[in-house]
Amino acid sequence: MSLLRVENVTKRFGGLVAVDDMSFEIRHGELMAIVGPNGAGKTTMFNLINGVFPADEGRIIFEDVDVTRYPAYKRAHLGIGRTFQIPRPFASATVRENIAIGGMFGAAGSEISVDRAMELADHYIDIIGLKEHRDKPAGGLTPVEKKLVEIARALAMKPRLLLMDEAMAGMNPKDIDEMVAFIREIRDTEGIAIVSMVEHIMRAVAGLAERVIVMHQGALLVDEPTQEALSDPRVIEVYLGQPPEEAHA
Amino acid sequence: MMRPVRAYYPILPVLIGYGILFGIGQMVPGKWQLISQLAFFCALGQAFNLFMGMTGYVDFGYVAFLGVGTYGMAVSIYYLFDKGLGLTMIVIGMILAAVFSTLLSLAVGAVALRLRGAYFAIATIGVNEGFRFLIEGARIWNGSDGMIFSRHMKTAFGRETAMALSMKWADVIVFGVAFLAAVMTLLYMRNKVGYALTALREDEDAAKVMGINVTRYKLIAFITSAILAGLLGASAWALKLTYVYPTDVFAIHYTVEAIIIVLLGGAGTLLGPIVGGLIYGVSKYYLAIVLPGFQLMIFAPIIIMIIVLFPEGTVGILKKRVFGTPLEKFII
C-alpha cells in the first residue's frame, strides 16, 4: 500500500502550467528525491502535497484519505510534515519552544500537553545536537542551526511523510555529507518516508534517495531507482542540453 | 490543560503592580482620579495586547468594542432601571457588554481575520466610524442624542449608592478587568493557544504547515480581547460617566492610545501594558499641566523614537536584561 498517491494533479498560475498532470506514489518509509532544474515545478508540487494551495485538477490521497481539498493544517494533523528551503523558525521563540510547537500541533497534537511537547523537544534537541542553544531565541542561530531546528520541529510533529525542501542548498560538501547521513539516520530511527527536493546538488541525490522523480517543465520526466535515473539520457539532457553528436544529427 | 504552578509566577508582579496602584489611590487624598485613569490605560493596553501583542495584527477599529460595551451597560440601566432589579442590573450590563462585543468581534473577525497584516489594519479602520454612523443614522438607542442615565441610576439605587457606583466601584471594576486581562494573557501564554499565537505572529504560513489552524487561534485571541474591551467600556465609560454619546465612545484616538501603550511597554509581553499604561498615563497627565494642548506634538516624536530605537518596548528590554537570572521566572 502506498503512503501518498498523486493522481493526475495539475496546477496553473494564470497561463502558466506549473504542475502538469503529475502522477506518482510514495511508499511507507521510503527515501525519495524530487529532482529538476529551476522552474521545473518541484516547489509547486510540494505545496500541493502539503496543502499550501489546492490542486486545480487531480487528486492527492494520503493513507487512503482524499486530502485534495484539505487545508495545510489538517494535512499536518494527518502526518504530512514539511521543511522550507530558507528555514523559517519562529524567531522570537526559543529553540525548545520552536520544536515543542511542532509536537503540540502536529500529527500527535491533540493528545500532547505543553509539558509533554517540551520533553519531546528536548529529545529532538539531543538528536540535532543543539543542547547549548536550547533556551536561546531561534532567530539568532546560524543558517545551518536554523535548518536543524526546522528539521527537528518537523520531526516533533511525528509525520509519516516528511517533505524536505532543498535541505542542502548553500552548504559546503562536508555539511552536505553530514546532512545526507543525518537524513538517512532519521528515516531509520523514525521510520518515516522522506521526500527531498534537490535542484542541482547531484552529489547528494545518490545518498539521499532510493528512487528519484525528475520533473521538467511541470511534468514527470522519469520515475526510476536513483542510479538509473541519474544516468538516464533524458535526465542528462534536461540538465546539460543535448549531447553534441545528437545536436549535429 | 493546566501547567505547573511555577509557570504562573509572572502573575505576581502584575498583582503587586495593580495592588500598589490601588493602594496609592486609596491612601493618598485627591489622587484617585489620576489612579483610575492609569488603571484604565493599563486595562486598555492589557486587553489590546492580548490581540495585537500576541498575534501581531493591529486592529484600528478596536475602540468599537469599548463602544458597544459602553452601550451594553447603558442599555441595561436605561431600560431596566424601574424593574426593581437592584445591583443585578450592573451584572446584566456587564453580560450585555460582553455579548455585544463578542457579536461584533465575530462579525468583524469573520471578514477581516481572513486578511493579512496591513490589509487587516485597513479593513478594521472603518469599523468604529461605521458603528457610530449606524447608531446615529438609524437612531438606535437615541442615536446622536446619546443616553444619559444618571437619573435612572439615582432612581434605581438611591443617591448614595449611585454616587458610589460611578465614583468608586466603576474604577474598582476597571482594576478587575485589567487583572482579568493579565490572567487571560498569562493563561494563553502558558498553554497551546499562546504557542499557536507566537507561531502565527512570527510566520503564518509556517504555522499552518505545522498543523496550526491559524484562523481559529486568531479568532480566540480577537474575541477574548474584544470581550475585555467591552467590559472596560461598560465600567470605565458607562458606569463611571453615567452617559454615552456615539461620538465619544467610537473615537479612534482611543485605539491609537492603546497602540502607543502596547508599544511603549512591549508588545506580546505580560507586564508591558502595565508599564506602558503607567508611562503613558503619567506623562499625559503631567504634560497636560505643564504644556496644555501640546501633548500630542510631544508624543508623536517620542513614539517614533521608541519604535525605531526600542522595538521590543520597555519590558522587552528588561526581559533580555534578566535572562538567566532568578528574576527571569517573573518578568515576561
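What is the mean pLDDT of chain A, and what percentage of its residues reach 70 or more? This is a predicted model, and the mean pLDDT of chain A is 90, with 96% of its residues at 70 or more. Among the elements of that chain, strand E4 (residues 57-62) has the highest mean pLDDT, 96, while helix H10 (residues 244-248) has the lowest, 56.

Let me turn to helix H6 of chain A, residues 173-190. At 1.5 Å a residue, its 18 residues should span 26 Å, and the C-alpha atoms at its ends are 25 Å apart, which agrees. Which residues of H6(A) are buried? They are A:Met179, A:Val180, A:Ile183 and A:Ile186. These residues lie on the same side of H6(A), because they cover an arc of only 130 degrees around the axis. In general, an α-helix has 3.6 residues a turn, so residues three or four places apart point the same way.

The face of H6(A) turned away from the buried side carries exposed residues: A:Pro173, A:Lys174, A:Ala181, A:Glu185, A:Asp188 and A:Thr189. As for the buried residues of H6(A), what covers them includes helix H5 (143-156), strand E8 (193-198) and helix H7 (202-208) of chain A. After H6(A) comes A:Gly191, which has a positive phi, near 65 degrees.

Is A:Val9 buried or exposed? A:Val9 is buried, because 22 other C-beta atoms lie within 10 Å. Leaving aside residues up to four places away in sequence, A:Val9 touches A:Val19, A:Met22, A:Leu48, A:Ala55, A:Glu57, A:Gly58 and A:Ile60. By contrast, A:Met118 is 109 residues apart from A:Val9 along the chain, and their C-alpha atoms are separated by 38 Å.

A:Asn8 also lies in strand E1 of chain A. A:Asn8 counts as exposed, because it has 12 C-beta neighbours inside 10 Å. Its phi is near 50 degrees, a positive value in a residue other than glycine. For background, most residues other than glycine have a negative phi.

I now move to chain B. This chain contains 16 helices and two strands. For 332 residues, a compact globule would have a radius of gyration near 20 Å, and chain B has 20 Å, which agrees. Along the principal axes, the C-alpha atoms of chain B fill a box of roughly 60 × 45 × 45 Å. Of the 332 residues, 49% count as buried. Among contacts in chain B with a separation of 6 or more, 78% are between residues 24 or more positions apart.

Chain B also has a residue other than glycine with a positive phi: B:Thr242, near 60 degrees. B:Thr242 sits in the loop between helix H11 (214-241) and strand E2 (243-244) of chain B. B:Thr242 counts as buried, because it has 22 C-beta neighbours inside 10 Å.

How values were computed: Residues numbered from 1 in each chain as written. Chains lettered and ligands numbered in written order. Predicted model: local features only at pLDDT ≥ 70, side-chain atom pairs only at ≥ 80, totals over all residues. Helix = DSSP H or I, 4+ residues; strand = E, 2+ residues; numbered from the N terminus. Expected span 1.5 Å × (residues − 1). Buried ≥ 20, exposed ≤ 12 C-beta atoms within 10 Å, placed from the backbone. Arc of directions from axis to C-beta. Contact = placed C-beta atoms within 7 Å. pLDDT = per-residue confidence, 0-100. Rg over C-alpha atoms; globule rule 2.2 N^0.38 Å.
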